[in-house]
Every structure is written in C-alpha cells, then in structure tokens.
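This briefing is meant for someone meeting the structure for the first time.

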Amino acid sequence: MNDDYVHPWDQPEAEGTHRTVQTTLHQTLTGLPVGLATLDVICSACKRAIQEGDHLWVYAYRAADDPEWLLTRCYCEACAVDEIETPTLGTSETLVEARLDVVAITSEQRHHLCLGAVDVRAFSPLTEGARP
Ligand SMILES: [Zn+2]
C-alpha cells in the first residue's frame with residue numbers, strides 16, 4: 001500500500017451505515033469497467049480501437065465530495081501521456097497504465113471490459129492545482 005495516495009482530508013466522513021476504508025488507487029481502479037457494452041474502447045487521441053490484452057493509459061478523477069472515480073479519457077500505447085497537464089484544485093486526479101481485461105458475468109451471459117494490472121503513473125491530490 002502506497003500512502004502517497006491516501007490523505008486524511010481525502011476521506012469522506014463516516015455517517016450512518018457508511019463505513020470508511022482506506023485503500024490504494026491500484027485497488028480502487030482495478031476491475032473498474034471501461035468502454036461500451038460492445039467491448040470497444042477507443043483512444044481519445046487517435047480514435048484507434050484498443051483491444052483486450054492491450055496496454056492503455058487512463059485519466060481518472062474524483063471530486064472532493066464524490067465517492068467514485070470517473071474514468072474520462074483512455075489512450076493507446078502510441079498516444080500515452082505520463083503526466084497530468086493541468087491539475088485542478090479540489091479534485092483528485094490520476095493517470096494510470098493498465099491492461100484491458102475482460103470480465104465474464106456468466107449469470108447474465110455478458111462481458112465487460114475493465115482495468116487490470118493497474119500501475120499509477122501520476123497523481124494529483126485534492127489540495128494541488130489551479131482553481132476550476
Ligand atoms: Zn491513440
């Protein structure tokens with residue numbers, strides 16, 4: 001566990017039945033669904049299709065009061081970016097390299113793509129960056 005990604009101010013308040021756990025970005029983003037139900041993930045830069053088993057680079061962010069990370073941009077190996085160009089204050093942001101994996105949900109006879117072998121390349125905490 002890398003404590004660089006976990007900060008006390010980054011933890012939502014525990015209330016009611018909510019339980020707060022500390023985790024790593026690696027653990028949070030691994031298995032997170034990406035792409036469409038058609039099993040297509042398209043590079044945000046060159047529009048090339050990224051296939052199962054390919055490496056991809058994903059930009060994800062989470063606002064201070066949002067419990068979930070949002071994956072907004074995916075890049076193929078040729079278009080990979082290794083830094084967060086314009087960090088935003090009040091938003092946790094990360095750039096990860098991952099492998100595109102397929103998860104089979106046998107009970108529903110469907111598949112979806114997800115992130116596997118997640119490797120954090122860049123991270124910007126809530127307290128860094130320019131005001132939005
Ligand atoms: Zn590309």
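Two strands count as paired if DSSP finds at least two bridges between them, and it is in this sense that Tyr61 stands opposite Leu70 in S5. The model described here is a predicted one. Its five-stranded open sheet has antiparallel pairing and the strand order S1-S7-S6-S4-S5.

**The sheet**

- At the edges of the sheet stand strand S1 (33–34) and strand S5 (70–75), and because each has a single partner strand, one side of each is left without a neighbour in the sheet.
- Strand S4 (residues 55–63) pairs with S5 in the antiparallel sense over five bridges, and S4 also pairs with S6, again antiparallel, over nine bridges.
- S6 and S7 run antiparallel and are joined by twelve bridges, and Asp101 has Cys114 in S7 as its bridge partner.
- In general, the strands of a sheet pair through backbone hydrogen bonds, in either a parallel or an antiparallel manner.

**The nonpolar core**

- The largest nonpolar core has 19 residues, and those with the most contacts inside it are Ile50, Leu56, Val58, Cys74 and Val96.
- Two or more residues of this core come from each of helix H1 (25–29), S4, S5, strand S6 (91–105) and S7.
- Leaving aside residues up to four places away in sequence, Cys74 touches Val34, Val41, Cys43, Ser44, Ile50, Leu56 and Val58.

**Residues with a positive phi**

- Lys47, although not a glycine, has a positive phi of about 70°, and Lys47 lies in the loop between strand S2 (41–42) and strand S3 (49–50).
- Lys47 counts as exposed because there are 9 C-beta neighbours inside 10 Å, where the cut-off for an exposed residue is 12 or fewer.
- Ala117, another residue other than glycine, has a positive phi near 50°, and Ala117 lies within strand S7 (residues 110–124).
- Ala117 has 13 other C-beta atoms within 10 Å and is therefore partly exposed.
- In the hairpin of S6 and S7, where four residues lie between the strands, Gln109 takes a positive phi near 50°.

Key: Residues are numbered from 1 along each chain as its sequence is written. This is a predicted model: local features need pLDDT of at least 70, side-chain atom pairs count only at pLDDT 80 or more; totals for chains, interfaces and linings use all residues. A residue is buried if 20 or more other C-beta atoms lie within 10 Å of its own, exposed if 12 or fewer, and partly exposed in between; C-beta atoms are placed from the backbone. A nonpolar core is a set of buried Ala, Val, Leu, Ile, Met, Phe, Trp, Tyr and Cys residues joined through C-beta atoms within 7 Å. Two residues are in contact if their C-beta atoms, placed from the backbone, lie within 7 Å.
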